[in-house]
Structures are given as structure tokens and as C-alpha cells.
Amino acid sequence: MSDTVAPTFVDGESPELARVEAQMALLASGIRASTRSTAASIDPALEPFGLAVLRVLARRGETHAGVVAEVLAVDRSMISRQARLLCGLDLVGTRVDPRDGRARFLALTPLAEAKLAKVRRERTALVHRRLSTWTTTELDQFAVLLERLNEAD
């Protein structure tokens, strides 16, 4: 006997789908609030978009401003404005690309690296605390379902 059950397809009006949508909206709202709070904990003047830029630089290291714009799917002018703000907060440093004097490389400062490491530790502790009572089976099921949700159409 198999533990698998044939999938049932739900229509757009099902209470199950409505419940999932409501929980996803709640999760998204919590993520937005957490992002605002995280940005403010790094610097009260830092906006969530600036935090997104910092996170790109944390993952990629020193990077062309144009690449950051591509990763965040925004116009380069937005990255230029944000880079000026982040430099003013001593969170990002820039250097001119020696091959193209108009282009700039962006990189985190040691201050930004330290602050991002601190918020990463705090976020990890929060997630671990919330999931600490889950069984390994529940965690595995949750991961599988999130992976499935995140699959490209």
C-alpha cells in the first residue's frame, strides 16, 4: 500500500486555496516588516531597497553597479542614487572601473559587513527558535513544499 495520494485539484474558490493565500499574505507582510526593521537596525536612515543592495553585495562581493541593477531588476539610475546614500552612511565604498571611467564598482565597507553579520545571526536565531519544535519530517515536508512553490512555471 502506498502512502501517496492522487492529487486533487482545487478551483480558485476553494477554502483551502483561500487559506493558503491568506497565510502567504501574512508571511509576506511579516517579511516586509522584518525587512524594514532590519534596515533600521543597520542605520535609521537605511531604507529596505538599500538593504537589498547591501545583500546583493554581500552575496557577490565587489560588483559593478550595472550588475546590481540587473540582479534587482531596476534602472541603473536607482543604483547610482542608492550608492550615494549608502556611501554617505559608510556602508558602501566605490571605485572607478579602470577599463571604463564611467562605471563604478560597489563594495561593502567593514561596517556594513559587521552589521549584516549581526542581523543575519539574529534572523537565523529567530527562524531556528520558531522551527525548533518541528520534527525533522515536518521540516523536510515544509522544505519540499516550498521548493515546489518556488519552481518556475
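Q: Leaving aside neighbours within four places in sequence, which residues is V96 in contact with?

A: Contact means heavy atoms within 4.5 Å. By that rule V96 touches G101, A103, R104 and F105. Before we go on: this is a predicted model, where local features need pLDDT of at least 70 and side-chain atom pairs count only at pLDDT 80 or more, while totals for chains, interfaces and linings use all residues. Residues are numbered from 1 along each chain as its sequence is written, and side-chain values use heavy atoms, with hydrogens and water left out.

Q: Where is V96 placed, and is V96 buried, partly exposed or exposed?

A: Take the labels first: buried is under 20% relative accessible area, exposed is over 50%, and partly exposed is in between (1.4 Å probe, protein chains only). V96 sits in strand β2, and because its relative accessibility is 38%, V96 counts as partly exposed. Helices (H or I, at least four residues) and strands (E, at least two) are DSSP runs, numbered from the N terminus.

Q: How should I read α4, and which of its residues are buried?

A: Start with length. The expected span of a helix is 1.5 Å times one less than its number of residues. For the 13 residues of α4 that should come to 18 Å, and the end C-alpha atoms are 18 Å apart, which agrees. Its buried residues are I79, Q82, A83 and L86.

Q: How many residues does the largest nonpolar core have?

A: A nonpolar core is a set of buried Ala, Val, Leu, Ile, Met, Phe, Trp, Tyr and Cys residues joined through side-chain atoms within 4.5 Å. Here the largest one has 21 residues, and L46, L54 and L106 have the most contacts inside it. α2 gives the most, with five residues. Leaving aside neighbours within four places in sequence, L106 has contacts including L57, V68, I79 and A83.

Q: And which element gives the largest share of the lining of the largest pocket?

A: Rolling a probe the size of a water molecule over the atoms shows where empty space is left. In this model α1 gives the largest share of that lining, eight residues. Among the 15 lining residues, E16, V20, M24, L145 and L149 lie nearest the pocket centre. A pocket is an open set of points on a 1 Å grid over the protein atoms alone, where a 1.4 Å probe fits, with protein on both sides within 12 Å along at least five of seven lines; lining residues have an atom within 4 Å of a point.
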